[in-house]
Amino acid sequence: MTPRAPPPRPPRLAALLILTLFGTASCRRPEPYFGRLIGRLNQYAHGIRGTVYAVDENTVFVRGFAYDGTGPDAYFWVGDTPQPSPEGILVPYPEDYTTRDPPILSAHTNSDILLRLPGGKRLKDIKWLSVWCRRFTVNFGDVFIPSGLDPPRPRVLPEFKRLAHGLRSGNISVLDAKTFYIPNLHYDGAGPDAYFWVGNGSEPNTLGTKVPNEMGSLHPLRGYQGEDIEIQLPGKLTAYDVDWLAVWCVEYTHNFGHVYIPKDLDVPPALGQTKITPAWWYNPTSSTTAQTPFSANNNCKEILDKRLQVRWELQGDHVQITLSARLRKEQYMSFGISGAEGRAAMLGADVITSYQFLLHSDDPYTLTDFKKGKRSICRVNIFFCKLPVITLSGNQKNGVTTITYRRPLAAKEPTRDKEVLTSRSQSVIAAFGPLNSRYEANAHSFMDTTRNDVQLDFGATNDNTCIGLAELDADGPAPWPPRVISGVTNFTVRIGPAGGKRGYTPITDNDISNGYLTGHPSWGIAWYINDQLIPEIYVERGKTYTFIVEGGDDTTNRAKFHPFYISDSFEGGFGQKKESEQRQQRVFAGVAYDNEGYPYPTALGRYCEWVHQSIDKSATSETFEDYMKTLQLECSPGEPGILNWTVAHETPDLLYYQCYTHNNLGWKIHVVDPGTAVPVSGDQRARPSSAHRTTPFGLLLAIFIVLR
């Protein structure tokens, strides 16, 4: 086979950061914005006052409206005569009145009033707006509509770019500064942590913001089959503040598809004229999200790409901190003061590490028991224990782990501790990482730590930028048994869906290879070998095996670029790792080096993917065979890649087939000597159903450490 030329190298990180920062330089429209100015109300009687704006072609907004309320039969009134007259039309206010007839206009001192023109009237159909008394045919005040007024109007954008998980839509509309209309939305729902996502920069990135779905919920997105929906941006965020709208997998930083938002929008302001789901985002404790109750001191910041919430409250000379995150089983979270001001620095940092300790018992095992010495919570060869930290509470509910602790503001040991400042912001760091089989914290990955400077003002009050952490279902369907392939030398390698709660993650659950307790997460896709979801492969030393690879060769579409390689890494993702992390892997096939010493993948081929015929139906498919009936194979033009691998005699007993550009797409290769008995191909290894597994009791430990 002719060696494949190395693909183009990805752009340097510095260049990407420059683009991202450039995109956030300024807001495109000054605030506040109320629409196109029509003019001030002329005052003739009864203290009429207010400024009138054209919100859209059917709606006007009266800012700072005043009226003494003493007119016996006064209403808002519009018409097309040269001057206000009895020939006008009544504009009801409020619009949702419950009486038989529209209510008479009441007194106002400084009200903001939204008026929708009745009977399908548009601004171009009228010449004036008046406060008019019908009984005495008197004009209390008026404003005239300028000739040629061009009100703001909704803007039609392209459809979502189609990158992954069957995402597609009709042309998306920006109805007003906060509301998007997405017609004919299709998405298979298989992304494990996917949300509508907005932000700045030339491409969707981790520095975005979650957008609630059409129901105002922040649960990961369900599947859509051609539905028309409307979504609203949260808080004070408007379409003028962002460069794109995407469907984004937060935990695995993958873009499933996006649409760009032009800078010259000129859409209506969001003043309530676009009525969809009630504005739940004014209530941060909405039941649609998993929230820790707020204290009177309402401080909360989302960090680590919105995956970790940090809440804090000053209590005298201490600070109480609550950490909340969707932690996977046997994973820790760390948070604390950075080792250097102005940047994220692990060296010299002063942090807390907490995790869910698994006990195979149905009896409560409280934090108090640990304090009494029932089990050590500190291994001095790894952590420096710091006694001033007090763990107050901890729990795990529906996938969200929460721990609350208190620590002093002052540095008890200045050579090792960091002072918590209350007079200004200071740099903090955070990380997620795996625990090994001895419940020791192992090194976290590059993507699971703070990479930019994150500032927190511990002296602030009501500094709340949190939106919400979605809960996961406490119970789920039984996983499919893992599959085995043995006794063959040719393999087809394709991409397919991860199978939700029956597939990739439960199949890899409780593996202790390399000392890790895994339960590998997935961003919704995985390798299908011979059309089986991540089977365990058995190979013999001394034999040659052929892998026909159809994982994609288009380097411009990262969501469909999955070079195949074989490694001793249970995680994979060689191409996304730093050089120091790459040196920790041994690669056995699928990676070569160019003349300058840069690695590149060799097993590239056309893209073939098993896709959902509609939405992900793993939860209702009792067997994997049933699930395959809900999928269909789609292949792009081109030829497959070929990887020939001769298994050397010194090859380790356990390897993994992986994706060069993404973590956690593959699974195990068992390497055996000739003549070794192996499971029969297609064997389904017995596993207990979820209903009969030992349910671990989740206990959270906090360990105060200084990283050196």
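**Rings, a disulfide and buried residues**

Author: A search of the whole structure finds 23 aromatic pairs. This is a predicted model, where local features need pLDDT of at least 70, side-chain atom pairs count only at pLDDT 80 or more, and totals for chains, interfaces and linings use all residues. Residues are numbered from 1 along each chain as its sequence is written, and side-chain values use heavy atoms, with hydrogens and water left out.

Reader: Why is the pair of W480 and Y627 called tilted?

Author: Rings of Phe, Tyr and Trp (its six-membered ring) pair if their centres lie within 6.5 Å; planes under 30 degrees apart count as stacked, over 60 as edge-to-face and the rest as tilted. The centres of W480 and Y627 are 4.9 Å apart and the planes stand at 40°, so this pair is tilted.

Reader: What makes W480 and Y627 a link between distant parts of the chain?

Author: The two are 147 residues apart. W480 is in the loop between β26 (454-456) and β27 (484-485), while Y627 is in helix α5 (residues 624-628). Helices (H or I, at least four residues) and strands (E, at least two) are DSSP runs, numbered from the N terminus. Both W480 and Y627 are buried.

Reader: Why is the pair of F547 and F564 called tilted?

Author: Their ring centres are 5.2 Å apart and their planes meet at 35°, so the pair counts as tilted. F547 belongs to strand β32 (residues 544-549) and F564 to strand β33 (residues 564-567), so the pair ties together parts 17 residues apart in sequence.

Reader: How do you know whether F547 is buried or exposed?

Author: Buried means under 20% relative accessible area, exposed over 50%, and partly exposed in between (1.4 Å probe, protein chains only). F547 has a relative accessible area of 0%, so F547 is buried. F564 also counts as buried, at 0% relative accessibility.

Reader: Which residues do ring pairs link into a cluster?

Author: The cluster holds F491, W527, Y545, F547, F564 and Y657.

Reader: What makes C608 and C635 a disulfide?

Author: A disulfide is a pair of cysteine sulfur atoms within 2.5 Å. The sulfur atoms of C608 and C635 are 2.0 Å apart, so the pair meets that cut-off. The search of the whole structure finds one disulfide.

Reader: Why is the disulfide of C608 and C635 called right-handed?

Author: The torsion about its S-S bond is about 120°, so the disulfide is right-handed. C608 lies in strand β37 (residues 608-612) and C635 in strand β38 (residues 631-635), so parts 27 residues apart in sequence are tied together.

Reader: Why is D193 called buried?

Author: Its relative accessible area is 5%, so D193 is buried. D193 lies in the loop between β12 (179-187) and β13 (194-199).

Reader: What sits over the ring of Y195?

Author: The charged end of K210 does, 4.8 Å from the ring centre. A charge sits over a ring if NZ of Lys or CZ of Arg is within 6 Å of the ring centre and within 35 degrees of the ring normal.

Reader: How many helices and strands does the protein chain have?

Author: The protein chain has five helices and 42 strands. Of its 708 residues, 52% count as buried.
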